[in-house]
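Subject: Structure handover

Hello,

I am passing on the structure below for your work. My notes come after it.

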Amino acid sequence: MINQENTVCAIITPPGTGGISVIRLSGKDAISIASKVFRKKSGKSLNEVKTHSIHHGHILDLSSGEVIDEVLAGIMKSPHSYTGEDVVEISCHGGPLVTGKILEVFVREGAGHAGPGEFTRRAFLNGRIDLAQAEAVIDLINSKSQEGLRSAIWQLEGGISRKINELRDVLTVALASLEAFIDFPEEDIDVIIHDIEGRIRSSVESIDKLIDGYYRWRPFREGIVTAIVGRTNVGKSSLLNVLLGEERAIVTPHPGTTRDIVDGLANVDGLPLRILDTAGLRTTEDLVEGEGIKRMFKSIESSELVLLVIDGSEPLTEWDEELLTKTDGKKRVIIINKIDKGNMIQDNLDRYNSPVVCTAIINGEGIEPLRKLIRDTVVGGVQRLAGEAVVTNLRHKNALEQSNMELNNFLEALHDRLPLEIQALHLRGALDLLGEVTGVVTTEDILDRVFSEFCIGK
Ligand SMILES: Nc1nc2c(ncn2[C@@H]2O[C@H](COP(=O)(O)OP(=O)(O)OP(=O)(O)O)[C@@H](O)[C@H]2O)c(=O)[nH]1
Ligand SMILES: [Mg+2]
(Lines give C-alpha, C1' and ligand atoms only; values in the text may rest on other atoms or scores of the structure.)
(Ligands and ions follow the chains in the order given, each with its own letter.)
Protein backbone atom coordinates (compact mmCIF):
# COMPACT_ATOMS: atom_id res chain seq x y z
CA MET A 1 0.00 0.00 0.00
CA ILE A 2 1.49 3.38 -0.87
CA ASN A 3 0.99 6.52 1.09
CA GLN A 4 0.02 9.18 -1.40
CA GLU A 5 0.45 11.92 1.18
CA ASN A 6 4.16 11.32 0.91
CA THR A 7 6.42 13.07 -1.59
CA VAL A 8 8.78 10.54 -3.13
CA CYS A 9 11.90 10.57 -5.28
CA ALA A 10 13.88 8.15 -7.43
CA ILE A 11 16.37 8.10 -10.27
CA ILE A 12 14.34 7.52 -13.42
CA THR A 13 17.20 6.90 -15.85
CA PRO A 14 19.18 3.63 -16.00
CA PRO A 15 21.63 3.06 -13.15
CA GLY A 16 25.35 3.63 -13.65
CA THR A 17 27.21 6.37 -15.44
CA GLY A 18 25.87 8.26 -18.42
CA GLY A 19 25.84 11.71 -19.97
CA ILE A 20 22.78 12.77 -18.00
CA SER A 21 20.74 11.21 -15.22
CA VAL A 22 17.27 12.34 -14.23
CA ILE A 23 15.83 12.33 -10.72
CA ARG A 24 12.11 12.72 -10.22
CA LEU A 25 10.40 14.14 -7.16
CA SER A 26 6.65 13.67 -7.06
CA GLY A 27 4.06 14.68 -4.49
CA LYS A 28 2.49 17.75 -2.92
CA ASP A 29 5.81 18.93 -1.41
CA ALA A 30 7.92 18.22 -4.49
CA ILE A 31 8.39 21.86 -5.45
CA SER A 32 9.01 23.14 -1.94
CA ILE A 33 11.54 20.37 -1.23
CA ALA A 34 13.38 21.05 -4.48
CA SER A 35 13.33 24.81 -3.96
CA LYS A 36 15.12 24.44 -0.61
CA VAL A 37 18.21 22.91 -2.22
CA PHE A 38 18.05 24.45 -5.70
CA ARG A 39 19.70 27.82 -6.37
CA LYS A 40 18.71 29.55 -9.57
CA LYS A 41 21.21 32.08 -10.96
CA SER A 42 18.53 34.80 -10.98
CA GLY A 43 17.83 34.12 -7.32
CA LYS A 44 14.19 33.29 -8.10
CA SER A 45 12.78 30.40 -6.07
CA LEU A 46 11.25 27.34 -7.71
CA ASN A 47 8.16 28.11 -5.63
CA GLU A 48 7.52 31.12 -7.86
CA VAL A 49 8.02 29.64 -11.31
CA LYS A 50 5.38 28.66 -13.87
CA THR A 51 4.39 25.09 -14.58
CA HIS A 52 6.07 23.28 -17.50
CA SER A 53 9.19 25.39 -17.29
CA ILE A 54 12.87 24.47 -17.07
CA HIS A 55 15.41 26.23 -14.87
CA HIS A 56 19.17 26.27 -14.81
CA GLY A 57 20.88 26.30 -11.42
CA HIS A 58 22.77 24.39 -8.74
CA ILE A 59 21.81 21.78 -6.20
CA LEU A 60 23.38 22.48 -2.83
CA ASP A 61 24.23 20.28 0.11
CA LEU A 62 22.78 22.51 2.83
CA SER A 63 24.76 20.80 5.60
CA SER A 64 28.10 21.78 4.07
CA GLY A 65 26.99 24.60 1.75
CA GLU A 66 28.78 22.83 -1.12
CA VAL A 67 27.49 22.68 -4.67
CA ILE A 68 26.63 19.07 -5.61
CA ASP A 69 25.99 19.66 -9.30
CA GLU A 70 24.94 22.10 -11.96
CA VAL A 71 21.51 20.95 -13.13
CA LEU A 72 18.33 21.70 -15.03
CA ALA A 73 15.12 21.53 -13.02
CA GLY A 74 11.86 20.85 -14.89
CA ILE A 75 8.65 21.82 -13.10
CA MET A 76 5.31 20.19 -13.88
CA LYS A 77 2.48 21.15 -11.61
CA SER A 78 -0.49 18.99 -10.71
CA PRO A 79 -2.53 17.70 -12.48
CA HIS A 80 -0.54 17.97 -15.72
CA SER A 81 2.35 15.63 -14.93
CA TYR A 82 3.11 11.93 -15.32
CA THR A 83 1.84 11.12 -11.83
CA GLY A 84 -0.83 13.81 -11.74
CA GLU A 85 0.99 15.34 -8.75
CA ASP A 86 3.47 18.21 -8.55
CA VAL A 87 6.63 16.90 -10.18
CA VAL A 88 10.19 18.22 -10.31
CA GLU A 89 12.65 16.49 -12.60
CA ILE A 90 16.30 17.25 -12.06
CA SER A 91 18.62 16.54 -15.00
CA CYS A 92 22.07 16.23 -13.51
CA HIS A 93 25.40 14.84 -14.65
CA GLY A 94 25.15 11.07 -14.94
CA GLY A 95 27.01 9.13 -12.29
CA PRO A 96 26.09 7.19 -9.17
CA LEU A 97 27.87 9.62 -6.87
CA VAL A 98 26.04 12.74 -8.05
CA THR A 99 22.63 11.09 -8.26
CA GLY A 100 23.13 9.42 -4.87
CA LYS A 101 23.99 12.79 -3.27
CA ILE A 102 20.99 14.55 -4.82
CA LEU A 103 18.63 11.81 -3.62
CA GLU A 104 20.21 12.14 -0.20
CA VAL A 105 19.50 15.87 0.07
CA PHE A 106 15.91 15.37 -1.11
CA VAL A 107 15.37 12.68 1.52
CA ARG A 108 16.95 14.94 4.16
CA GLU A 109 14.40 17.62 3.25
CA GLY A 110 11.52 15.21 3.74
CA ALA A 111 11.06 13.10 0.58
CA GLY A 112 10.70 9.32 0.74
CA HIS A 113 12.20 6.81 -1.67
CA ALA A 114 9.78 5.73 -4.41
CA GLY A 115 9.07 1.99 -4.52
CA PRO A 116 9.03 -0.10 -7.71
CA GLY A 117 6.45 1.28 -10.14
CA GLU A 118 5.35 3.89 -7.62
CA PHE A 119 5.23 6.80 -10.09
CA THR A 120 3.03 4.83 -12.47
CA ARG A 121 0.91 3.56 -9.58
CA ARG A 122 0.36 7.14 -8.46
CA ALA A 123 -0.58 8.05 -12.04
CA PHE A 124 -3.20 5.28 -11.87
CA LEU A 125 -4.48 6.24 -8.41
CA ASN A 126 -4.76 9.87 -9.52
CA GLY A 127 -6.80 8.86 -12.55
CA ARG A 128 -4.14 9.96 -15.07
CA ILE A 129 -4.14 6.54 -16.72
CA ASP A 130 -6.10 3.36 -16.22
CA LEU A 131 -4.63 0.03 -15.21
CA ALA A 132 -4.33 -1.31 -18.75
CA GLN A 133 -2.40 1.80 -19.74
CA ALA A 134 -0.13 1.42 -16.72
CA GLU A 135 0.66 -2.12 -17.82
CA ALA A 136 1.38 -0.86 -21.33
CA VAL A 137 4.24 1.15 -19.84
CA ILE A 138 6.01 -2.12 -18.94
CA ASP A 139 5.21 -3.70 -22.27
CA LEU A 140 6.63 -0.66 -23.99
CA ILE A 141 9.87 -0.89 -22.04
CA ASN A 142 10.14 -4.64 -22.61
CA SER A 143 9.13 -4.70 -26.29
CA LYS A 144 11.46 -6.83 -28.37
CA SER A 145 9.93 -6.24 -31.76
CA GLN A 146 8.31 -3.53 -33.79
CA GLU A 147 4.97 -5.34 -33.52
CA GLY A 148 5.25 -5.59 -29.75
CA LEU A 149 6.05 -1.90 -29.60
CA ARG A 150 3.07 -0.98 -31.74
CA SER A 151 0.63 -2.95 -29.63
CA ALA A 152 2.07 -1.45 -26.42
CA ILE A 153 1.65 2.06 -27.79
CA TRP A 154 -1.90 1.26 -28.88
CA GLN A 155 -2.63 0.01 -25.36
CA LEU A 156 -0.92 3.01 -23.78
CA GLU A 157 -3.05 5.33 -25.86
CA GLY A 158 -6.12 3.66 -24.41
CA GLY A 159 -6.88 1.19 -27.24
CA ILE A 160 -7.79 -1.78 -25.08
CA SER A 161 -9.50 0.50 -22.55
CA ARG A 162 -11.81 1.92 -25.22
CA LYS A 163 -12.72 -1.61 -26.29
CA ILE A 164 -13.41 -2.68 -22.72
CA ASN A 165 -15.45 0.43 -21.98
CA GLU A 166 -17.61 -0.17 -25.06
CA LEU A 167 -18.28 -3.72 -23.88
CA ARG A 168 -19.02 -2.54 -20.35
CA ASP A 169 -21.50 0.00 -21.71
CA VAL A 170 -23.42 -2.77 -23.49
CA LEU A 171 -23.45 -4.95 -20.39
CA THR A 172 -24.47 -2.04 -18.17
CA VAL A 173 -27.46 -1.26 -20.37
CA ALA A 174 -28.48 -4.94 -20.42
CA LEU A 175 -28.13 -5.17 -16.66
CA ALA A 176 -30.13 -1.98 -16.18
CA SER A 177 -33.05 -3.25 -18.24
CA LEU A 178 -32.95 -6.58 -16.44
CA GLU A 179 -32.99 -4.84 -13.09
CA ALA A 180 -35.75 -2.52 -14.22
CA PHE A 181 -37.82 -5.57 -14.98
CA ILE A 182 -37.08 -7.03 -11.55
CA ASP A 183 -38.44 -3.79 -10.08
CA PHE A 184 -41.31 -3.25 -12.54
CA PRO A 185 -42.36 -6.69 -13.75
CA GLU A 186 -45.34 -5.48 -15.75
CA GLU A 187 -43.23 -4.79 -18.89
CA ASP A 188 -43.20 -7.33 -21.70
CA ILE A 189 -40.44 -9.67 -20.56
CA ASP A 190 -40.00 -11.57 -23.83
CA VAL A 191 -39.15 -8.45 -25.81
CA ILE A 192 -36.65 -7.36 -23.19
CA ILE A 193 -35.03 -10.80 -22.90
CA HIS A 194 -34.74 -11.12 -26.65
CA ASP A 195 -33.03 -7.76 -26.88
CA ILE A 196 -30.64 -8.53 -24.02
CA GLU A 197 -29.78 -11.94 -25.41
CA GLY A 198 -28.79 -10.42 -28.76
CA ARG A 199 -26.55 -7.84 -27.11
CA ILE A 200 -24.84 -10.38 -24.89
CA ARG A 201 -24.24 -12.84 -27.72
CA SER A 202 -22.49 -10.19 -29.76
CA SER A 203 -20.43 -9.15 -26.71
CA VAL A 204 -19.33 -12.76 -26.25
CA GLU A 205 -18.21 -12.77 -29.88
CA SER A 206 -16.27 -9.52 -29.50
CA ILE A 207 -14.55 -10.82 -26.36
CA ASP A 208 -13.69 -14.09 -28.12
CA LYS A 209 -12.08 -12.07 -30.88
CA LEU A 210 -9.96 -10.19 -28.37
CA ILE A 211 -8.90 -13.45 -26.70
CA ASP A 212 -8.09 -14.96 -30.08
CA GLY A 213 -5.87 -11.96 -30.82
CA TYR A 214 -3.90 -12.70 -27.67
CA TYR A 215 -2.98 -16.15 -28.96
CA ARG A 216 -2.35 -15.03 -32.52
CA TRP A 217 0.05 -12.34 -31.42
CA ARG A 218 1.85 -14.39 -28.80
CA PRO A 219 4.82 -15.11 -31.12
CA PHE A 220 5.36 -11.39 -31.66
CA ARG A 221 5.33 -10.75 -27.97
CA GLU A 222 7.35 -13.65 -26.69
CA GLY A 223 9.44 -14.69 -29.67
CA ILE A 224 9.89 -18.17 -31.05
CA VAL A 225 12.62 -20.62 -30.12
CA THR A 226 13.97 -21.89 -33.43
CA ALA A 227 16.48 -24.69 -34.00
CA ILE A 228 18.63 -24.88 -37.13
CA VAL A 229 19.43 -28.53 -37.76
CA GLY A 230 20.91 -30.60 -40.57
CA ARG A 231 23.85 -32.85 -41.26
CA THR A 232 27.36 -31.41 -41.08
CA ASN A 233 28.59 -28.75 -43.48
CA VAL A 234 25.24 -27.95 -45.09
CA GLY A 235 25.40 -24.25 -44.12
CA LYS A 236 23.57 -24.12 -40.76
CA SER A 237 25.96 -21.65 -39.15
CA SER A 238 25.99 -19.58 -42.33
CA LEU A 239 22.19 -19.42 -42.02
CA LEU A 240 22.36 -18.32 -38.38
CA ASN A 241 24.77 -15.55 -39.31
CA VAL A 242 22.67 -14.34 -42.20
CA LEU A 243 19.49 -14.22 -40.08
CA LEU A 244 21.28 -12.41 -37.27
CA GLY A 245 23.08 -10.06 -39.63
CA GLU A 246 26.39 -10.69 -37.87
CA GLU A 247 29.17 -13.26 -37.90
CA ARG A 248 28.00 -14.95 -34.74
CA ALA A 249 28.98 -18.58 -35.44
CA ILE A 250 32.21 -19.92 -36.91
CA VAL A 251 31.84 -21.05 -40.50
CA THR A 252 34.51 -23.22 -42.12
CA PRO A 253 34.65 -25.69 -45.02
CA HIS A 254 35.32 -28.47 -42.48
CA PRO A 255 32.42 -30.73 -41.49
CA GLY A 256 31.95 -30.79 -37.73
CA THR A 257 32.76 -27.10 -37.13
CA THR A 258 29.89 -26.35 -34.73
CA ARG A 259 29.90 -28.45 -31.60
CA ASP A 260 28.09 -26.64 -28.84
CA ILE A 261 24.86 -24.72 -29.39
CA VAL A 262 25.34 -21.13 -30.57
CA ASP A 263 22.35 -18.85 -30.20
CA GLY A 264 21.21 -15.35 -31.01
CA LEU A 265 18.14 -13.14 -31.23
CA ALA A 266 16.95 -12.32 -34.73
CA ASN A 267 14.13 -10.23 -36.04
CA VAL A 268 12.64 -12.02 -39.03
CA ASP A 269 10.01 -9.91 -40.75
CA GLY A 270 8.97 -8.40 -37.42
CA LEU A 271 8.96 -11.77 -35.67
CA PRO A 272 11.46 -12.15 -32.82
CA LEU A 273 13.26 -15.51 -33.10
CA ARG A 274 15.69 -16.98 -30.62
CA ILE A 275 17.75 -19.09 -32.99
CA LEU A 276 19.86 -22.07 -31.91
CA ASP A 277 22.56 -23.21 -34.31
CA THR A 278 23.46 -26.81 -33.60
CA ALA A 279 26.12 -29.43 -34.32
CA GLY A 280 25.63 -31.19 -37.66
CA LEU A 281 24.48 -34.80 -37.67
CA ARG A 282 26.99 -37.46 -38.71
CA THR A 283 28.55 -40.56 -37.18
CA THR A 284 31.43 -39.53 -35.00
CA GLU A 285 33.90 -41.01 -32.56
CA ASP A 286 34.62 -37.59 -31.15
CA LEU A 287 33.22 -37.24 -27.62
CA VAL A 288 32.70 -33.49 -27.84
CA GLU A 289 31.00 -33.65 -31.20
CA GLY A 290 28.89 -36.60 -29.96
CA GLU A 291 27.68 -34.49 -27.03
CA GLY A 292 26.92 -31.64 -29.45
CA ILE A 293 24.77 -33.99 -31.54
CA LYS A 294 22.85 -35.06 -28.43
CA ARG A 295 22.17 -31.40 -27.70
CA MET A 296 21.02 -30.91 -31.26
CA PHE A 297 18.39 -33.63 -30.78
CA LYS A 298 17.29 -32.02 -27.50
CA SER A 299 16.98 -28.64 -29.19
CA ILE A 300 14.56 -30.15 -31.70
CA GLU A 301 12.32 -31.13 -28.79
CA SER A 302 12.54 -27.81 -27.00
CA SER A 303 12.06 -25.57 -30.00
CA GLU A 304 8.84 -24.39 -31.54
CA LEU A 305 10.17 -24.04 -35.07
CA VAL A 306 12.78 -26.11 -36.90
CA LEU A 307 14.79 -24.90 -39.86
CA LEU A 308 16.07 -28.09 -41.48
CA VAL A 309 18.97 -27.43 -43.83
CA ILE A 310 19.84 -29.86 -46.62
CA ASP A 311 22.82 -29.59 -48.99
CA GLY A 312 21.28 -29.36 -52.45
CA SER A 313 24.57 -29.91 -54.22
CA GLU A 314 24.53 -33.58 -53.15
CA PRO A 315 21.83 -36.27 -53.15
CA LEU A 316 19.92 -36.88 -49.90
CA THR A 317 21.84 -38.96 -47.35
CA GLU A 318 20.63 -41.20 -44.57
CA TRP A 319 21.32 -38.38 -42.08
CA ASP A 320 19.06 -36.03 -44.01
CA GLU A 321 16.38 -38.73 -44.00
CA GLU A 322 16.83 -39.30 -40.29
CA LEU A 323 16.37 -35.61 -39.52
CA LEU A 324 13.42 -35.29 -41.90
CA THR A 325 11.73 -38.05 -39.93
CA LYS A 326 12.81 -36.78 -36.49
CA THR A 327 11.44 -33.29 -37.13
CA ASP A 328 8.22 -34.45 -38.74
CA GLY A 329 5.20 -33.04 -36.92
CA LYS A 330 7.07 -29.89 -35.82
CA LYS A 331 6.52 -26.48 -37.33
CA ARG A 332 9.26 -26.66 -39.92
CA VAL A 333 10.79 -25.05 -42.97
CA ILE A 334 12.97 -27.23 -45.19
CA ILE A 335 15.85 -25.34 -46.75
CA ILE A 336 17.70 -26.76 -49.74
CA ASN A 337 20.95 -24.83 -49.65
CA LYS A 338 23.98 -24.47 -51.95
CA ILE A 339 21.86 -24.38 -55.08
CA ASP A 340 24.56 -22.18 -56.61
CA LYS A 341 26.25 -25.57 -57.12
CA GLY A 342 23.13 -27.13 -58.61
CA ASN A 343 20.20 -29.03 -57.15
CA MET A 344 20.68 -32.78 -56.85
CA ILE A 345 17.60 -33.36 -54.69
CA GLN A 346 15.27 -35.16 -57.08
CA ASP A 347 12.76 -35.87 -54.34
CA ASN A 348 10.23 -32.98 -54.08
CA LEU A 349 9.81 -33.77 -50.32
CA ASP A 350 6.06 -33.25 -50.64
CA ARG A 351 5.30 -36.10 -48.29
CA TYR A 352 6.91 -34.15 -45.45
CA ASN A 353 4.17 -31.56 -45.52
CA SER A 354 6.46 -28.65 -44.86
CA PRO A 355 7.25 -25.65 -47.01
CA VAL A 356 10.49 -26.02 -48.97
CA VAL A 357 12.72 -23.16 -50.08
CA CYS A 358 15.90 -23.24 -52.18
CA THR A 359 18.76 -21.00 -51.11
CA ALA A 360 22.36 -20.15 -51.78
CA ILE A 361 23.15 -18.60 -48.44
CA ILE A 362 26.66 -17.84 -49.64
CA ASN A 363 25.33 -15.19 -52.05
CA GLY A 364 22.03 -14.29 -50.34
CA GLU A 365 19.82 -16.03 -52.86
CA GLY A 366 16.47 -17.22 -51.47
CA ILE A 367 16.88 -15.47 -48.10
CA GLU A 368 13.97 -13.07 -48.52
CA PRO A 369 11.54 -15.85 -49.54
CA LEU A 370 12.87 -17.85 -46.58
CA ARG A 371 12.10 -15.00 -44.17
CA LYS A 372 8.57 -14.75 -45.50
CA LEU A 373 8.11 -18.51 -45.23
CA ILE A 374 9.31 -18.49 -41.62
CA ARG A 375 6.80 -15.81 -40.72
CA ASP A 376 3.97 -17.53 -42.56
CA THR A 377 4.79 -20.87 -40.94
CA VAL A 378 4.68 -19.37 -37.46
CA VAL A 379 1.75 -16.99 -37.70
CA GLY A 380 -0.06 -18.11 -40.84
CA GLY A 381 -1.22 -15.30 -43.07
CA VAL A 382 -1.69 -12.88 -40.18
CA GLN A 383 -1.14 -9.35 -41.37
CA ARG A 384 0.70 -6.66 -39.50
CA LEU A 385 -0.96 -4.84 -36.65
CA ALA A 386 -2.67 -1.74 -37.93
CA GLY A 387 -4.54 -0.19 -35.06
CA GLU A 388 -6.29 -3.54 -34.63
CA ALA A 389 -7.63 -4.41 -31.21
CA VAL A 390 -5.15 -6.86 -29.74
CA VAL A 391 -4.91 -8.06 -26.17
CA THR A 392 -1.27 -8.56 -25.32
CA ASN A 393 -1.40 -8.91 -21.58
CA LEU A 394 -1.95 -12.24 -19.81
CA ARG A 395 -3.93 -10.66 -16.97
CA HIS A 396 -6.29 -9.02 -19.45
CA LYS A 397 -6.69 -12.23 -21.40
CA ASN A 398 -7.55 -14.15 -18.21
CA ALA A 399 -10.09 -11.54 -17.11
CA LEU A 400 -11.68 -11.63 -20.57
CA GLU A 401 -11.90 -15.43 -20.49
CA GLN A 402 -13.53 -15.39 -17.07
CA SER A 403 -15.86 -12.66 -18.15
CA ASN A 404 -16.98 -14.71 -21.14
CA MET A 405 -17.56 -17.67 -18.85
CA GLU A 406 -19.89 -15.51 -16.78
CA LEU A 407 -21.69 -14.29 -19.90
CA ASN A 408 -22.18 -17.87 -21.03
CA ASN A 409 -23.51 -18.73 -17.58
CA PHE A 410 -25.88 -15.81 -17.96
CA LEU A 411 -27.09 -17.04 -21.36
CA GLU A 412 -27.65 -20.48 -19.90
CA ALA A 413 -29.58 -19.06 -16.93
CA LEU A 414 -31.62 -17.02 -19.37
CA HIS A 415 -32.34 -20.05 -21.51
CA ASP A 416 -33.33 -22.10 -18.44
CA ARG A 417 -35.51 -19.20 -17.28
CA LEU A 418 -33.79 -19.13 -13.90
CA PRO A 419 -34.87 -16.29 -11.60
CA LEU A 420 -33.95 -12.87 -12.95
CA GLU A 421 -31.88 -12.14 -9.84
CA ILE A 422 -29.58 -15.05 -10.71
CA GLN A 423 -29.27 -13.90 -14.29
CA ALA A 424 -28.39 -10.42 -13.08
CA LEU A 425 -25.72 -11.89 -10.81
CA HIS A 426 -23.88 -13.42 -13.77
CA LEU A 427 -24.11 -10.21 -15.76
CA ARG A 428 -22.75 -8.20 -12.88
CA GLY A 429 -19.92 -10.73 -12.46
CA ALA A 430 -18.96 -10.33 -16.11
CA LEU A 431 -19.12 -6.55 -15.81
CA ASP A 432 -16.79 -6.57 -12.80
CA LEU A 433 -14.31 -8.87 -14.53
CA LEU A 434 -14.15 -6.51 -17.50
CA GLY A 435 -13.67 -3.66 -15.06
CA GLU A 436 -10.61 -5.39 -13.64
CA VAL A 437 -8.84 -4.92 -16.97
CA THR A 438 -9.00 -1.15 -16.84
CA GLY A 439 -8.97 -0.99 -13.06
CA VAL A 440 -12.42 0.53 -12.45
CA VAL A 441 -12.92 -2.56 -10.33
CA THR A 442 -9.75 -3.37 -8.48
CA THR A 443 -8.21 -4.67 -5.29
CA GLU A 444 -4.91 -3.95 -3.56
CA ASP A 445 -3.92 -7.46 -4.52
CA ILE A 446 -4.39 -6.83 -8.24
CA LEU A 447 -2.48 -3.55 -7.98
CA ASP A 448 0.37 -5.20 -6.09
CA ARG A 449 0.65 -7.90 -8.72
CA VAL A 450 0.63 -5.41 -11.59
CA PHE A 451 3.12 -3.00 -10.10
CA SER A 452 5.48 -5.66 -8.75
CA GLU A 453 6.64 -6.06 -12.35
CA PHE A 454 7.88 -2.50 -12.49
CA CYS A 455 11.31 -1.31 -11.51
CA ILE A 456 12.13 1.60 -9.22
CA GLY A 457 11.93 4.88 -11.09
CA LYS A 458 9.02 3.89 -13.30
N1 LIG B 1 28.61 -23.05 -52.37
C2 LIG B 1 28.03 -22.74 -51.24
N3 LIG B 1 28.67 -22.91 -50.07
C4 LIG B 1 28.05 -22.61 -48.93
C5 LIG B 1 26.73 -22.12 -48.92
N6 LIG B 1 26.37 -21.92 -47.64
C7 LIG B 1 27.41 -22.26 -46.87
N8 LIG B 1 28.44 -22.69 -47.65
C9 LIG B 1 29.75 -23.15 -47.23
O10 LIG B 1 29.65 -24.42 -46.64
C11 LIG B 1 30.64 -24.58 -45.63
C12 LIG B 1 30.01 -25.01 -44.34
O13 LIG B 1 29.21 -23.96 -43.86
P14 LIG B 1 28.73 -23.88 -42.35
O15 LIG B 1 27.78 -22.74 -42.27
O16 LIG B 1 29.90 -23.89 -41.45
O17 LIG B 1 27.96 -25.26 -42.26
P18 LIG B 1 27.39 -25.99 -40.97
O19 LIG B 1 26.18 -26.70 -41.41
O20 LIG B 1 27.24 -25.05 -39.85
O21 LIG B 1 28.53 -27.02 -40.66
P22 LIG B 1 28.85 -27.79 -39.26
O23 LIG B 1 28.87 -26.80 -38.17
O24 LIG B 1 30.14 -28.38 -39.52
O25 LIG B 1 27.78 -28.83 -39.12
C26 LIG B 1 31.35 -23.23 -45.54
O27 LIG B 1 32.55 -23.32 -46.30
C28 LIG B 1 30.37 -22.28 -46.17
O29 LIG B 1 31.00 -21.15 -46.74
C30 LIG B 1 26.07 -21.93 -50.18
O31 LIG B 1 24.93 -21.47 -50.28
N32 LIG B 1 26.76 -22.28 -51.29
MG1 LIG C 1 28.03 -24.99 -38.00
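This is a predicted model: local features need pLDDT of at least 70, side-chain atom pairs count only at pLDDT 80 or more; totals for chains, interfaces and linings use all residues.

Residues are numbered from 1 along each chain as its sequence is written, chains are lettered from A and ligands numbered from 1 in the order in which they are written, and side-chain values use heavy atoms, with hydrogens and water left out.

**Ligand 1 and its pocket**

Ligand 1 sits in the second largest pocket (sitting in a pocket means that more than half of the molecule's atoms lie within 2 Å of its grid points). A pocket is found on a 1 Å grid over the protein atoms alone, as an open set of points where a 1.4 Å probe fits, with protein on both sides within 12 Å along at least five of seven lines; lining residues have an atom within 4 Å of a point. The volume of this second pocket is about 410 Å³, taken as the space filled by probe spheres set on the points, which are joined across faces, edges and corners. Its lining has 24 residues, and Asn233, Gly235, Ser238, Val251 and Lys338 lie nearest the centre. By class they are eight nonpolar, 12 polar and four charged (Ala, Val, Leu, Ile, Met, Phe, Trp, Tyr, Cys and Pro are nonpolar; Asp, Glu, Lys and Arg are charged; the others, Gly among them, are polar).

The shell around ligand 1 holds 23 residues, with Lys236, Ser237, Ser238, Gly256 and Thr257 the closest (a residue counts if one of its heavy atoms lies within 4 Å). Helix H9 (residues 236-244) gives the largest share of the pocket lining, three residues, and also the most to the shell, again three (helices, H or I, have at least four residues and strands, E, at least two, as DSSP runs numbered from the N terminus).

Polar contacts are pairs of N or O atoms within 3.5 Å. A polar side-chain atom of Asp340 is 2.8 Å from a nitrogen atom of ligand 1, and one of Lys338 is 3.1 Å from an oxygen atom of the ligand. For Gly280, a backbone N or O atom lies 3.4 Å from a ligand oxygen. The protein covers 90% of the 650 Å² of accessible area that ligand 1 has on its own (Shrake-Rupley method, 1.4 Å probe).

**The largest pocket**

This pocket has about 540 Å³ of space. Of its 22 lining residues, Asp139, Thr392, Asn393, Leu394 and Glu453 are closest to the centre. H4 gives the most to the lining, with four residues. The lining has six nonpolar, eight polar and eight charged residues.

**Backbone**

Most residues other than glycine have a negative phi, and most peptide bonds are trans. Asn233, in the loop between strand E8 (224-230) and H9, has a positive phi near 70 degrees. Ser78 and Pro79 are joined by a cis peptide bond, with omega about 5 degrees.

Regards

Notes:
A polar contact is a pair of N or O atoms within 3.5 Å; within protein, one must be able to donate a hydrogen and the other to accept it, and residues adjacent in sequence count only if both atoms are side-chain atoms.
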